[in-house]
Structures are given as C-alpha cells and as structure tokens.
Amino acid sequence: MTAQVDYLVVVFTATSGASGDLLGSDEKELVQLVWQLVDVKNKKLGKVNELLIKPDLSDLTEEKEEEDVVEESVEQENGSGADCVYKAPSVDKALNMFHLQLTNEVNSAGAGTSVCLCTDGQLHIRQVIHPEAASKNILVPDCFYSFFDLRKEFKKHFPAPDLKALNVHTMAECILLTCHLFTLTFHVLLPVYALQVMSSVVLALLSEPFCHTFSNPERVSEKFESGTCSKMEKVCDNTVIRARGLPWQSSDQDIARFFRGLNIAKGGVALCLNAQGRRNGEALVRFVSEEHRELALQRHKHHMGNRYIEVYKATGDDFLKIAGGTSHEVAMFLSREDQIIVRMRGLPFTATHEQVLAFFSPEDELKETCPVSGGKDGILFVRYPDGRPTGDAFVLFACEEHAQCALRKHKEILGKRYIELFKSTAAEVQQVLNRYSSTPLISVAPAPLMPVLPTVSLLPPPGGVRDCLRLRGLPYTASIEDILTFLGEFTQDIRPHGVHMVLNQQGRPSGDCFIQMTSAERALQASQRLHKHVMSSQRGANSRYVEVFPCSAEEMGLVLMGGSLSGTGLSPPPCLSPPSYSFTPAPPVLPPEAAAALYPPIGQVVLAPRPLPPGHAYYPASAQLYMNYAAYYPSPPGSPNTLGFFPSPSSIASPGGLVRMPGLTYNSNGVKELINAVQGYQVRGGVLQMHRALSILLMKFL
C-alpha cells in the first residue's frame, strides 16, 4: 500500500496490567478497546467508539467468581459501570464487533473503501492484540495485520532521538508549539482522552504546513515461512534471541505462535539439539529487525501452555552454528516451500526409500495412508561422512493433514524396529546434517596445550617383533580374570603384569585389550587358535566373540599413548598394569632444564628415571605438543616398552619419585585405596616414603 488511504482508524487499547512503554509486557488481558474514524480526504473525525472486554475467568475458582459478582452488584447499587464490564463480550467477540462496526461506518460514510489502523507505537497491535489472540486460538480480523505507527509518521516531520521518548503527550506539545492548531488541558491520559489527542495529531499532520501522506504501513506476518540459511550468510547480532524452557515436542510453528505479532525472518527459527541429537528445550529465533528483537525480549517469562519461556539475547554466530548449512543435497531437499517435515529416528541401517514409502503408504487398506511429497525425492537419509547410515531420516509431506496422519504412526514397526516420529524444521535438518557430517571417522588427539618441540613422527618403526596380542570386542563387563580364562593354556606365556585394559575417555572399558607374550611364536599360535572364539563374563550374562591379532610392542605403545592404528579408532586415556621389568637405560626425551621449565617442581613429574629400552617419543607430526598422556596417567616402566620419561628435577630431595594422579573421585577412601592402585611399582625409601608421597597427593587433589 503506497498511495494515501481513504480512512485512518485511530486505535487505543488498555489491559488489566501495565500501560505506557510496558504495555503487554506482563501478559495481562485486553479490557478496553477504543477507536475513531478519520476521513483523510475531507479531514473529518467520526464518533468515538468504545468496547469493554470481559477478562477470561476460566482460571478462577467458583468461589472467586461469586465474590466478583457480589462486588459488582454492590458497585451497581452505587451507580458505577460495573454492570457494563460484567456483561461485556469476550475478546474474540469484541474483535469481531470492532470489525463489523468499522465496516458499517466506512460504508455509511461513502468517501472510499481503503482503511488502515493507526496506533501510538507498536505495542497495541504487536504486544497486546496478536499475542492474546494466539494464546487463545482466536482468528484476528484482517484489518489488524497492517497499521501505521503514529510515532514513526510524526518523526518524519519532527526528528526525535528515540521513538521511545515520543508519546501522545509529547507529540501534542510539539504540534501546539509549532502551529497552535488546538488547545489541550489534561494531566492523565485515559484511553478515550488519549484517543482524542491522537486524532487531533493526525489531523494536524494531514493539514498544512505538513500535508503528510500516510503510505507504506507496518505489516504483521500472518504465517511463519520456513527456509534455509547458509553458513556464509551474515546475520546481525541485534536480531537474534535465545528462547529457553520450550516443551520438547514444540515445533517452529509453535515458537512462531508464541512470538505472534512480531516478524520472524524466513527460516528464522532454529531448534537446538543436545549431544544425543534430541531437542534440549532451547531455540534461536532471528527477527527482521532490532526493533522486533527488543519487543521479543519483553516477552521474557511469558507462557506457552503451562510453561513459562525465558527469552535472552543471542548473537548471529550462535544462530549460524545451529541453522547454517553448506550441503547442496540439504538445500535441494529444503528448496520446496510449504512442505511439512517429519523426522524419523531409529531406522534400521538397511532401510531403503521403498521401505520408508511403504511405511507411510501401506498396501493394507485398514491402515491410514499418508503419501510422501515427491516420492523418493521427499526422503533424506542422514549419513556419516563415510556413507554409513545413522538411523535418522527426514520426510516431506504436502500438507498438515498428511503430516498429522504420519505422526500417528509413531512407534510403529519397520523391519524389526519401532520408529520414532517427530515434527521437524528446516533448521533442525541443517543442524542434524552438520553434526553428523562433522563427526570424525576415528578419534582424534586432544587439543594442543603448548607449541613446543619439533615435529616427531607418531608411526612405530617398521620391522618390530610381533610378540603381543590385541583382543578386540571384549564384553564391557570383562575382567582380567575373564581374559585369563579365555586364553586358557596361553596364560602361562603372559609376561608378569602384561595385561593392559584400554579405557575410553570416560574411563569405561572400550572393549580392547593388549597382552604381552613371552615370544612372537606363542603370540601367533594364540591368535590363530583363539580368533573369534566366544568370551563370557562372570559379572554379566552377555557373551561375545573376540577378535585376536598379533601386534608389536611399538604398535601397542602407540595406541596406549593416545594414538590410533589404522581403522581402530581407539581413544586415550589408557589404564595400564603395574610393572616388574628391567631394561637398558634410554635417553631422556627432554633435558633436565627443559623438563623443569615445563612442569612445576613438586608433584608434576611422572616417576623417577627408569631404565627403559631405546624408543621414540609420542608426539604428533606438527609444531604443537599434544601433552604425553604418561604425564597424567602413570604407565609401568616397560609397558609399552618404548616409553620415555622426563627425569626428576634436582629440587626433589628424597631419593624416591612422586606420582601425579588427577581426576580422583571425591568419594575416595584415602591412602589405602591409592596404595592398592599403585601396588607393584618400585618404591625407594620404604613404605614410609610412599605414604608421605600419597599424603601430599591427597592434600593437593582431594
């Protein structure tokens, strides 16, 4: 609408709560609606109309309602207007009555047909009428989806530093001081009086010398538009908010309904997922302007159903991390507009497009049919970077009716698994695809701590003696006793303390184990005889077949120190067994001066120097140091046999060594438990020295 309208309808509202700049921020109900018709061409005012609106009493108890009726009856005897309030229409009837009376008044005037509302600021339409109508599922008449902001129109002739500084009073004073068109004497602006002042300001703007043209009204979005967002797109930090406390089953349309009255950018709702890929009750919402973001922040702790929603500021980077995408396949999938997205979770890894289509459109006539939009093109399987399926998929449906029909198949069986179905969004599709596409195929080393030391190869030297065994696929409840039982006659060929269980980053069994054998021949015989035999666990009823491979001590050392053999994907930190070996001395990794600079003098150095065989240091092939896990998880001196240890600084007076043990549990039983954990280590100076060392550790870390 760019031309001058025929009629302006000056509207003013009042709620049962706050007014002024806080109107609508307390989620109170609309109780009064007043308006006046302005003939733009003839510059004439119509009559003042007023509607009192009855609040919703559904949340009140019967006792409270009876008290209200008694109070109203008393006020009626005293000559008040309480009877009018009690008999007033509800908000849905009041809005329809407003539209009907306005239409009749315009038709009777006969000077034109184009009509647009005019309000003092944005709050009356965006923060009062639309939010309440959305919360009560009320259809708002079309006339409430466009309006003129009198403050913005006024600012075109009277520049003001801030729109919030303008109100009906200040606008009237500016016009009075400028052209003395009328005289007003008022102190408190009640709705009717405020309406009359607004109408006078409108007439003043229409008259000379301003001759203002009311064109290009404000628009209220009738429907949220889904869409895609590229990671390369620039998103203004002042247009994004974070909503927290959402019901887990809420969709982007539910969030758009919560912010009804405010214009959300296309594809501007991004539901956040937790580490397990499930919704965590948060969402990032992007609005079309900073003004709408500020209005959204006023809805902090407003209610969505029975839950209150927290609203905070967020940044454009936060939004792009969740909703931004770069996949061409996803862009093509989401390019179709007006499509409803349903997420499938728990699919068999062998599921095909045909099986998914048959799931939603079965041949059985007794079951509901909900055709997938576009056939195979309407199905998007989520996969890892190497092409393996994740068990998730997204499906498009042409309308809400078909989507609701599909959601009724929640937890029905496909193959031998039940399928979970959820209503999804375009931003969630991007987020899920981004998460799985960035998942590494094998575990990577931890973040670098300090850029020291030159590049050193992580690969074990070729030609090592394969006198060790690697067991893969152990039951997670398997103990060392279970492993010894599994090895049977080969148990006698295990070196003392030669069983090394491998734990994952959470400190739980990873299903792998390394065993040091007395010779390469016995290791080869054990692998040939025991490969893919079944191992049972004494602590659990589960049993699994175990893969047995021969390997070298260097390969074992690489894995135990946080590296990865080809295709293993093992992760640090390892849990190692105590030592009982002696080897020829090995050169230190760092000179004493460098080691003392890297580590504090007390409790920071791992063990005293031990006689070890020659070997290489385990650092990644880069200019940055990934801290050697031996510095945090004490390893036995010879398991693996290629480890080198930093020499003890000369500041340690006692001949023994200290062990640093971070990550101890808060419910540790004290010295006794730690002594049991390190039994088998060589202790210099007797038990007393070990007790002193452990006492220092307990005081420092517990």
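Buried means under 20% relative accessible area, exposed over 50%, and partly exposed in between (1.4 Å probe, protein chains only). The model is predicted: local features need pLDDT of at least 70, side-chain atom pairs count only at pLDDT 80 or more, and totals for chains, interfaces and linings use all residues. Residues are numbered from 1 along each chain as its sequence is written, and side-chain values use heavy atoms, with hydrogens and water left out.

**Exercise 1.** Characterise the salt bridge of R151 and D120.

*Solution.* 
1. A salt bridge is a side-chain nitrogen of Lys or Arg within 4 Å of a carboxyl oxygen of Asp or Glu. R151 and D120 form one at 2.8 Å, N to O.
2. R151 sits in helix α5 (residues 150-155) and D120 in the loop between β4 (115-119) and α4 (123-135), so the pair ties together parts 31 residues apart in sequence. Helices (H or I, at least four residues) and strands (E, at least two) are DSSP runs, numbered from the N terminus.
3. Both R151 and D120 are buried.

**Exercise 2.** Locate the salt bridge of K152 and E218 and classify each partner.

*Solution.* 
1. The N to O distance is 2.9 Å.
2. K152 lies in helix α5 and E218 in strand β6 (residues 218-219), 66 residues apart.
3. K152 is partly exposed, at 23% relative accessibility. E218 is buried, at 18% relative accessible area.
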